[in-house]
Amino acid sequence: MPQKRITHILKDISQQLDQLLQTDHQPGLLGGHTGCALFYAYYYQLTGKEKYLQKVHELVLSSMDAMSAHALLPSHCNGIAGMVWCIQHLMNQGLVDGDMEEIFSDVDVLLGNQMIADLNDKKYDFLHEGLGIAVYFLEKETPSPWLTQVVTALEATAVPLPQGISWEDHFSRQSVPSLPDEPCYNLGVAHGVPAISTILSRIKAKGIDTGHLLEKSLDWLQSAANPAASPSLYPTLVNNEGVALTTSHSRMGWCYGDLPVAMALLNGGYTDKAYEILAHSIQNRDVQNGMVHDTCICHGSAGIAHIFNRAYLQTKEPLFQQGAEKWLQHTIDLYESAAGLGFYADGKYEIKEGILEGIAGVGLALIAAVDKDTDPAWDRCILLS
């Protein structure tokens, strides 16, 4: 493990974030400055330097100011739900003082009502619609009554299929207008069924009855595999028969492809199938067939490294540690290349600050790789644990 090199990169990330945050005032957990508080929080726990804890407090205050001064979306990605999740998480970690029930009791009602209304309206998208709001209620130490309503809404809108149950992806039709006019099911965690299954797993872990939903959704999920062996075992979008609606090949990353399917199965207790998918990815996927262009959490090398690291932490399987180290080394190689830590889009690299596409997320993955004393519990906000 090249720990000295990672220490240097983390210092560089901290300095770059300091500069970005002087001019960027976008709130939000996964794409804005609220998520940067998570980086500084875990960096503080790694280094013990009080200046990073001070950064956490400054960013939390900035987020609270943004919520009171602006009309923000309720969503998890860049809205109120993700921002209050971050504050709740930091309180759980003992890094921020306060009483969430006292501070945000009105927000809980607003978010809960929006979440259930969205789910009843079949708006399941994790990043931008109702499903992601459930992550905030899951972060509370006492099981929230809103989570029982999540189960009820998901049960009412589930689609029975020969291999189990699933939920239609209406969100993708807005971004992929060329899709055939037939039911569409999404196999990515960003917008699809792995997110629903993982949230059901976590609701069940809270002691709330999920009935048959979790097991039947995981049965369907593993049945949607490509019919023949290929670099990717799972496509991105399928129809009622489990046939790919776009290309059968999917990229390697957190957002789509084999890895989110594997982690949903692992977190749901389907360990053998999860091992099979993760092992295949380690042994058969690479930069080229994985379409890995940068370091980001969403679909870059740091995100891949962290997924294997999380799988190793949960199973202690040495093969997963090898996968994490392989992609960690690729992250370092990219950092030392012309690409650096930039997010790749439209043929160029751009430095961003957030968790999903930016250097805060890369930093969190690197901290998790070297800090063996701290559980990287921040990854609950992207449904990896």
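Predicted model: local features only at pLDDT ≥ 70, side-chain atom pairs only at ≥ 80, totals over all residues.
The axis of a helix is a line fitted to its C-alpha atoms over the stretch in contact, and the angle between two axes runs from 0 to 180 degrees between their N-to-C directions.

Take helix H12, residues 271-284, and helix H14, residues 318-335. Their axes lie 10 Å apart, and the two helices pack at an angle of about 40°. That angle makes H12 oblique to H14, because only angles under 35 degrees count as roughly parallel. The crossing in which H12 passes H14 is left-handed. On the H12 side, the contact is made by Tyr275, Leu278, Ala279, Ile282 and Gln283, while H14 supplies Leu319, Phe320, Gly323 and Lys326. Sorted by class, the residues of this contact are 6 nonpolar, 2 polar and 1 charged.

A second pair is formed by helix H6, residues 130-139, and helix H9, residues 193-205. The axes of H6 and H9 cross at roughly 20° and come within 11 Å. H6 and H9 are therefore roughly parallel to each other. Their crossing is left-handed. From H6, the residues in contact are Leu131, Ala134, Val135, Leu138 and Glu139; from H9, they are Ala195, Ile196, Ile199, Arg202 and Ile203. This contact of H6 with H9 has 8 nonpolar residues, no polar ones and 2 charged ones.

Cys36, Leu38, Phe39, Tyr42, Tyr43 and Leu46 of H2 meet Ala360, Gly363, Leu364, Ile367 and Val370 of H15. The contact of H2 with H15 consists of 10 nonpolar residues and 1 polar residue, with no charged residue.

The next topic is empty space. Rolling a probe the size of a water molecule over the atoms shows where such space is left. How many cavities of 30 Å³ or more does a search of the whole structure find? The search finds 2.

The largest cavity holds about 40 Å³ of space. Its lining is made of Tyr42, Leu364, Ile367, Ala368, Asp371, Thr374, Asp375, Pro376 and Trp378. Helix H15, residues 359-370, provides the largest share of this lining, with 3 residues. Tyr42 of H2 and Leu364 and Ile367 of H15, named above in the contact between those helices, are among the lining residues of this cavity. By class, the lining has 6 nonpolar, 1 polar and 2 charged residues.

The second largest cavity has about 30 Å³ of space. Around it are Val189, Thr198, Trp254, Pro260, Met263, Ala264, Ile382, Leu383 and Leu384. Which helix gives the most to this lining? Helix H11, residues 258-267, does, with 3 residues. The lining of the second largest cavity divides into 8 nonpolar residues, 1 polar residue and no charged residue.

The largest pocket has a volume of about 340 Å³. Its lining consists of 19 residues, and those nearest the centre of the pocket are Cys77, Leu127, Cys298, Leu356 and Glu357. Taken by class, this lining has 8 nonpolar, 7 polar and 4 charged residues.

Conventions:
Residues numbered from 1 in each chain as written. Heavy atoms only, no water. Helix = DSSP H or I, 4+ residues; strand = E, 2+ residues; numbered from the N terminus. Parallel < 35°, antiparallel > 145°, perpendicular 65-115°, else oblique. Left-handed = near helix turned anticlockwise from the far one by under 90°. Contact = heavy atoms within 4.5 Å. Nonpolar A, V, L, I, M, F, W, Y, C, P; charged D, E, K, R; others polar. 1 Å grid on protein atoms, 1.4 Å probe; cavity = no way out; pocket = protein on both sides within 12 Å on 5 of 7 lines; lining within 4 Å. Points joined across faces, edges and corners; volume = space filled by probe spheres on them.
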